[in-house]
Amino acid sequence: MDTNNEKLQKFIDAVNDEIDTKVNKMLAEAETEKQAILAEAERESEETAEKHFNISSKKSGNRYARDISKAELDMKKSVIQHREELTLNIFAAVEKKLKEYKNDPKYVDMLIKSLLVTHVSDGAEIFLAPDDMKYADTLKKAIPSCDVKFIPDEKILLGGISVYNPQKGTISDKTFDLAVEEQKRAFANSNAFAE
């Protein structure tokens, strides 16, 4: 059972390493773009200041401050929008990799291992993505002593399993959907694209 967890952890680590590599590349790109945006905003502010240099100091000062504030606000909006795009791209790439993994024969082995570590009991309801229902018989063979029911769940889009054990009153969610959502929250909380 430990080897199953180790293999699952290795897969998760490999996905996380790939994400880290992409994040670092995207961070470098975001930093370059941020510097370009800042330089352009500064250039525009300097041009605006030069144009208004001969106007009275109060009018000039107010307009200059307003122009700088607007340029800074526009730049911040642009950076935030770019961060959001980078985040979407990262997780779209992760989801694509997970969908590709579902076509790999190792995916069924991973489902079996996930099923075994949940300690399924009689009467359990095992939820699968609708397109994974084709693996129900194979999964049933992995737990022949248990009387379980396999149910398609439209909410499972990326794969994995979710098991409801009525005897224990527990739900064990081993879906990729939950794992990706948890990673998105952790990623957002880590503020990976902060200035």
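**Exercises on a predicted model**

A search of the whole structure finds 4 aromatic pairs; rings of Phe, Tyr and Trp (its six-membered ring) pair if their centres lie within 6.5 Å, and planes under 30 degrees apart count as stacked, over 60 as edge-to-face and the rest as tilted. The model is predicted, so local features need pLDDT of at least 70 and side-chain atom pairs pLDDT 80 or more, while totals for chains, interfaces and linings use all residues. Residues are numbered from 1 along each chain as its sequence is written, and side-chain values use heavy atoms, with hydrogens and water left out.

**Exercise 1.** Describe the ring pairs that Tyr101 forms with Tyr107 and with Phe176.

Solution.
- Step 1: Tyr101 and Tyr107 are edge-to-face, at 5.8 Å centre to centre and with 85 degrees between the planes.
- Step 2: Tyr101 and Phe176 are tilted, at 6.1 Å centre to centre and 45 degrees between the planes. This pair links distant parts of the chain, as Tyr101 in helix α2 and Phe176 in helix α5 are 75 residues apart. Helices (H or I, at least four residues) and strands (E, at least two) are DSSP runs, numbered from the N terminus.
- Step 3: Tyr101 and Tyr107 are buried, and Phe176 is buried too. Buried means under 20% relative accessible area, exposed over 50%, and partly exposed in between (1.4 Å probe, protein chains only).
- Step 4: Ring pairs join Tyr101, Tyr107, Tyr135 and Phe176 into a cluster.

**Exercise 2.** Find which residues touch the most other members of the largest nonpolar core, and which element gives the most to it.

Solution.
- Step 1: A nonpolar core is a set of buried Ala, Val, Leu, Ile, Met, Phe, Trp, Tyr and Cys residues joined through side-chain atoms within 4.5 Å.
- Step 2: The largest one has 28 residues, of which Leu115, Val120, Ile126, Leu139 and Val148 touch the most other members.
- Step 3: With 6 residues, α3 gives the most to this core.
- Step 4: Beyond four places in sequence, Leu139 touches Leu111, Ile112, Leu115, Leu128 and Phe150; contact means heavy atoms within 4.5 Å.

**Exercise 3.** Determine whether Ser121 is buried or exposed, and list its side-chain polar contacts with Asn165 and Gln167.

Solution.
- Step 1: Ser121 lies in the loop between α3 and β1.
- Step 2: Ser121 counts as buried because its relative accessible area is 12%.
- Step 3: Its side chain makes polar contacts with those of Asn165, at 3.1 Å, and Gln167, at 3.5 Å. A polar contact is a pair of N or O atoms within 3.5 Å; within protein, one must be able to donate a hydrogen and the other to accept it, and residues adjacent in sequence count only if both atoms are side-chain atoms.
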